[in-house]
Amino acid sequence: MSAPVTIRIQDADFDIAKEIAALTMGRTDIGAVVSFSGICRGSEGTEKIAALTLEHYPGMAEAEIKRHADEAMSRWPLDGLTVIHRFGRIQPGENIVLVVTASQHRQAAFHAAEFLMDYLKTSAPFWKREESAGRADWVEAREHDDAAAARWTKS
Amino acid sequence: MKLKYFAWVRERIGKAEETIEPPPNVRTVADLMAWLTARDDAYAHAFETPKVIRAAIDHTHVKADAVIAGAREIAFFPPMTGG
């Protein structure tokens, strides 16, 4: 059985437990599942955040995540992975993104989940706009996110 | 070819997409940005710092020296901030 790869771009929220169960249901070969969920914070430094609005590039978002999912599948012995990224208006405390990786052993699942998140941050075509104190500003990209993604290309 | 714009690039240009036919001397993504910049102030504002602008041809990230011949859809956008 080939390992299932699920990629969804959606405005609706997701159920983390349900997504994990969907990857492992009926299987006894999986020994490790790692899940990362990114959640909207209610503040950035001292600034209170009322909400985030996520814009995305339909078509390319799926294609770009698929390219990195395929790379993760070829770099680590995974038994499945799921990536869900939301778009639209998201309030503090709500989910933004989910990565779930399944493998026989934990190292592959941990590494692949971190690899996928680092690339989601820097190369998946999504843009956050923060609403705070009556303003709405585009979030600026961070150099440490680029550095985090770049370390996966080192040999 | 179709052009698409996202986030503050879209806001500065004032539209999400358009169809254009650049002249043959516009060979690369950088040439296309320069050609658009010369059209009016909105493009000039969007592309005022070309090195921060990211581009994709047919849903794949490309560098500014990428050749645009044969492209169906070219997108311009700021550095990504998802995840």
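Strand 8 of chain A, residues 95-103, is mostly covered, with 8 of its 9 residues buried. The model is predicted, and burial here rests on a count of neighbours: a residue is called buried if 20 or more other C-beta atoms lie within 10 Å of its own.

Strand 8 of chain A has pairing partners that can be followed in turn. Strand 2 of chain A, residues 32-39, pairs with strand 8 of chain A in the antiparallel sense over 8 bridges. Within this pairing, A:Ile39 has A:Asn95 of strand 8 as its bridge partner. Strand 6 of chain A, residues 78-86, likewise pairs with strand 8 of chain A in the antiparallel sense, here over 7 bridges. In strand 8, the residue that stands opposite A:Gly80 is A:Ala102. In a regular strand, side chains alternate between the two faces of the sheet.

The contact between the chains may be considered next. It takes 22 residues from chain A and 14 residues from chain B. On the side of chain A that touches chain B, the elements giving two or more residues are strand 5 (51-56), helix 2 (60-75), helix 3 (106-123) and strand 9 (126-132) of chain A. Helix 3 of chain A gives the most, with 5 residues. By residue class, this side of chain A divides into 14 nonpolar, 5 polar and 3 charged residues.

Finally, the confidence of the prediction should be noted. The predictor gives the complex an ipTM of 0.96 and a pTM of 0.94. Chain B averages a pLDDT of 97, and 100% of the residues of chain B score at least 70.

Methods
Residues are numbered from 1 along each chain as its sequence is written. Chains are lettered from A and ligands numbered from 1 in the order in which they are written. This is a predicted model: local features need pLDDT of at least 70, side-chain atom pairs count only at pLDDT 80 or more; totals for chains, interfaces and linings use all residues. Two residues are in contact if their C-beta atoms, placed from the backbone, lie within 7 Å. Helices (H or I, at least four residues) and strands (E, at least two) are DSSP runs, numbered from the N terminus. Ala, Val, Leu, Ile, Met, Phe, Trp, Tyr, Cys and Pro count as nonpolar, Asp, Glu, Lys and Arg as charged, and the others, Gly among them, as polar. pLDDT is the predictor's confidence in each residue, from 0 to 100. A residue is buried if 20 or more other C-beta atoms lie within 10 Å of its own, exposed if 12 or fewer, and partly exposed in between; C-beta atoms are placed from the backbone. Two strands pair if DSSP finds at least two bridges between them.
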